[in-house]
Amino acid sequence: MEIKNEALSSLVKSFEELPDNRRKQGQRHDQSVVLMIVLFSTMSGYLGYRAMGDFVKKHKAELVELLKVKKTRLPSFSTIR
């Protein structure tokens, strides 16, 4: 995945400004990370929750590096759902 860091950070900042209406129990992953994964996977043709889970598995190393995820943990398809 090649993304200009400036554009990526601008997009992440925009997602971070959105209100997080999830219950505290459902906030294991940053909302901005989940939204970025949904965006990336949808733009890559991975439609549906299970397909998004497959996208995460296939591109885990790139996503962790790109999104600077804590503890290298990414949401599963059920978390994205």
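## Who lines the largest pocket?

Helix 1 gives the largest share of the lining of the largest pocket, 5 residues. This is a predicted model, in which local features need pLDDT of at least 70, side-chain atom pairs count only at pLDDT 80 or more, and totals for chains, interfaces and linings use all residues. Residues are numbered from 1 along each chain as its sequence is written, and side-chain values use heavy atoms, with hydrogens and water left out.

In total, 19 residues line this pocket, and Asp30, Val33, Leu67, Lys68 and Val69 lie nearest its centre. Helix 1 (5-16), helix 2 (31-43) and helix 4 (60-67) are the elements that give two or more residues to the lining. Helices here are DSSP runs (H or I, at least four residues), numbered from the N terminus.

The volume of the largest pocket is about 400 Å³. A pocket is an open set of points on a 1 Å grid over the protein atoms alone, where a 1.4 Å probe fits, with protein on both sides within 12 Å along at least five of seven lines; lining residues have an atom within 4 Å of a point. The volume is the space filled by probe spheres set on the points, which are joined across faces, edges and corners.

The lining divides into 7 nonpolar, 5 polar and 7 charged residues. Asp, Glu, Lys and Arg count as charged; Ala, Val, Leu, Ile, Met, Phe, Trp, Tyr, Cys and Pro as nonpolar; and the others, Gly among them, as polar.

## A closer look at Lys68

Lys68 sits in the loop between helix 4 and helix 5 (77-80). Although Lys68 is not a glycine, it has a positive phi of about 50°.
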